[in-house]
Amino acid sequence: MSKIKSLFESGKFKSAFIPYFTLGDPNYNDSIEFGKTILDNGADILELGIPFSDPVADGPVIQRAVARSLKNRFSFDEIFRVTKAIHDHKPETPLVYLTYFNPIYHCGISKFLDRAKESGIIGLVIPDLPFDTDESETLFRELKARDMDLIHLVTPASEKKRIQALSKTSSGFIYYVTSFGVTGERREFSVDLQERIRFLKETIRLPICAGFGISTPDQANQISQYADGIIIGSAIQRVIEENGTDRSKAVSALADYISKIRAAIS
Amino acid sequence: MGKNLPGYFGEFGGRYSPEILTEALEELESTYQKLKKSKKFKKELEYYLRNYVGRPSPLTYAERLTKQWGGARIWLKREDLNHTGAHKINNAIGQALIAKFMGKKRIIAETGAGQHGLATATVGAMFGMETVVYMGAVDVERQNLNAKKIEMLGAKILPVTAGEATLKEATSEAMRDWALNVSTTHYIVGSAIGPHPFPTIVRDFQAVIGTEARSQFKKQNKKLPSAIVACVGGGSNSIGMFHAFLKDKQVAIYGAEAGGLGPKPGEHSATLTYGKTGFLHGTKTLIIQDESGQIVPAHSVSAGLDYPGVGPEHAHLSKIGRVDYRMVTDEQALDSFLEVTRVEGIIPALETAHAFHVAREVAKDLGKKKDLIICLSGRGDKDVTEVLRLLGEKNK
């Protein structure tokens with residue numbers, strides 16, 4: 001069984017808290033501190049974003065974070081160095097990467113996965129790589145050989161047939177997109193969110209974690225009643241953005257925000 | 001989906017877009033497959049192409065250019081004479097009819113030079129659809145006339161300020177809008193790019209250019225031309241021009257891409273020369289990218305060619321060597337723009353001016369008694385202000 005799935009089955013929590021932030025914003029060394037802070041204040045799984053110049057599935061907050069990150073010279077060496085430092089701080093918390101497919105393809109799938117694994121990564125989320133592509137099948141095989149997970153996205157528009165087909169090449173957990181559109185904070189979610197998550201739980205034998213649009217402790221609390229996990233990205237990135245390059249201020253604001261969300265998830 | 005299934009051109013193409021768009025893309029694909037076979041749809045499309053766009057567009061013998069260049073006889077496929085002044089309307093009409101059939105009341109588009117935005121705003125007005133056009137803020141400035149026309153037609157322009165604020169960013173933003181409004185909105189992709197089925201749909205709607213040119217030329221000359229030339233950004237006019245000739249092995253095919261200011265990254269949009277295989281805006285194709293797979297900003301004097309990717313079918317045609325893609329610098333394009341304007345009395349779009357430069361080289365190589373058709377993809381009224389500015393800079 002995958003490390004992520006067994007974590008969900010361990011009974012350590014009722015619903016997992018899965019924060020996300022973009023590596024390199026405002027610089028790589030600050031990212032290490034942000035990662036440690038988030039881990040110390042209650043992340044059950046941490047998603048690290050590898051910046052890509054054209055993040056079509058992301059809203060304005062993460063787009064700006066990526067743009068700030070890419071003002072530093074992008075290098076995979078830096079990405080893996082930072083990842084390792086975050087992993088070493090708390091090795092028991094699973095780390096996954098969220099990125100677009102082009103940088104992985106360009107790096108070379110095997111090389112990328114070997115280095116990601118060495119740095120402590122145990123799963124990947126790739127918003128622009130649908131499961132029914134040759135590349136996704138290759139990636140799933142390569143990940144499986146390394147005991148790593150491929151976490152697919154399912155959306156309110158995904159039809160039953162597609163969801164069933166997708167479950168064959170999915171592992172770890174399912175990233176359920178709570179609403180139409182791109183990442184970013186929202187006031188409301190689609191009305192049938194609870195039903196959809198229940199349906200997914202019955203159809204795919206994997207934990208179902210909800211993301212896209214969640215930002216407040218109330219929202220996190222409410223959705224955690226029926227989802228196996230809560231993914232928050234834009235709201236965290238906003239905390240980093242609002243504190244600019246003041247690392248200590250950003251660290252304390254992050255600690256405050258993360259602990260509030262953690263406390264709200266029952 | 002696999003390599004042997006529709007949607008791929010050799011190793012390129014496919015559907016690499018966010019999951020939220022998959023159902024809409026599948027609906028679009030199945031609707032299009034149905035409509036393609038429908039006599040009613042074909043008749044309706046033909047009606048609008050003939051009575052609204054003004055098709056067939058003429059195939060004009062360019063006597064003065066032929067003399068000036070001193071090589072092959074030059075023929076121009078006059079997409080500049082279409083309503084709205086470019087080939088883009090062929091596709092906009094077709095996709096608007098699909099949207100109408102699917103019951104979508106809102107259409108969106110991305111635009112670089114503004115020609116596709118203008119075409120979309122035009123069909124939006126004609127069919128009474130709410131229309132939103134994403135345009136890079138830089139392009140809103142350099143293609144101001146088109147931007148103004150788009151607004152006059154009742155469409156909303158949303159200027160995109162992210163990144164380089166050109167076509168790439170406008171495309172990303174249109175994709176995001178579509179992801180949010182997918183149930184009510186059809187995204188009229190303007191070039192032969194994007195996730196399957198867009199490259200095929202756009203190609204099919206633009207194929208009218210080459211089909212007409214081929215039969216017009218054959219009727220007048222009782223043979224096929226020796227060569228055809230078109231400019232390539234995303235590549236919609238060129239794939240439309242090339243498609244009917246691909247099986248005619250005796251016809252040499254040339255594409256002109258934007259060599260910009262020179263070969264350094266960031267100074268050109270020469271995807272087929274410098275691009276590497278990658279994934280952008282939902283398709284696997286050749287892309288200008290750095291050693292880490294980050295997309296490098298493109299540059300071209302013509303906003304319509306200023307894109308770091310290219311339609312996947314062009315990537316395939318380049319790889320198998322069926323089309324000879326050549327680079328044309330900003331300066332060469334500007335020279336051709338002025339030459340064609342003065343010699344032939346036709347102001348071509350700056351995009352098309354790239355094709356004229358390659359055509360000149362090819363015409364010389366072919367020599368007399370051979371024939372060459374250039375796809376004159378659009379007219380250059382929209383570029384006049386920008387050209388005057390550039391000439392002013394040059395003469396400083």
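Modeller: The contact draws 38 residues from chain A and 36 residues from chain B, contact meaning heavy atoms within 4.5 Å. The model is a predicted one, so local features need pLDDT of at least 70 and side-chain atom pairs pLDDT 80 or more, whereas totals for chains, interfaces and linings use all residues. Residues are numbered from 1 along each chain as its sequence is written, chains are lettered from A and ligands numbered from 1 in the order in which they are written, and side-chain values use heavy atoms, without hydrogens or water.

Together, chain A and chain B bury about 3000 Å² (accessible area for a 1.4 Å probe that is lost on being put together, summed over both). Carbon and sulfur atoms account for 51% of that buried area. Between the two chains there are 5 salt bridges (a side-chain nitrogen of Lys or Arg within 4 Å of a carboxyl oxygen of Asp or Glu). A salt bridge joins A:Arg162 to B:Glu19, with 2.6 Å between the closest N and O atoms. Polar contacts link 17 residue pairs across chain A and chain B, both residues being at pLDDT 80 or more (N or O atoms within 3.5 Å, one able to donate a hydrogen and the other to accept it, with sequence neighbours counted only if both atoms are side-chain atoms).

On the side of chain A that touches chain B, at least two residues come from each of α3, α5 (101-107) and α7 (134-145) (helices are DSSP runs of H or I, at least four residues, and strands are runs of E, at least two, numbered from the N terminus). The largest share of that side, 5 residues, belongs to α5(A). Its composition by class is 19 nonpolar, 9 polar and 10 charged residues (Ala, Val, Leu, Ile, Met, Phe, Trp, Tyr, Cys and Pro are nonpolar, Asp, Glu, Lys and Arg charged, and the others, Gly among them, polar).

Over all chains, the count of salt bridges is 50. One of them lies within chain A, where the side chains of A:Arg115 and A:Asp77 meet at 2.9 Å, N to O. A:Arg115 is in helix α6 (residues 109-118) of chain A and A:Asp77 in helix α4 (residues 76-89) of chain A, so this pair ties together parts 38 residues apart in sequence.

Of its 38 lining residues, A:Ser53, A:Gln63, A:Ala67, B:Ala162 and B:Gly163 lie nearest the centre. Two or more lining residues come from α3 (60-71) of chain A, and likewise from β7 (156-160) and α8 (167-180) of chain B. The largest share, 8 residues, is that of α3(A). The lining of the largest pocket comprises 15 nonpolar, 9 polar and 14 charged residues.

The second largest pocket has a volume of about 570 Å³. Among its 19 lining residues, B:Leu45, B:Glu46, B:Leu49, B:Asp204 and B:Val208 are nearest its centre. Helices α1 (22-37), α2 (39-53), α9 (198-206) and α10 (208-221) of chain B give two or more residues to this lining, and α2(B) supplies the largest share, 6 residues.

Notes:
1 Å grid on protein atoms, 1.4 Å probe; cavity = no way out; pocket = protein on both sides within 12 Å on 5 of 7 lines; lining within 4 Å. Points joined across faces, edges and corners; volume = space filled by probe spheres on them. Buried area = accessible area lost by both parts, 1.4 Å probe.
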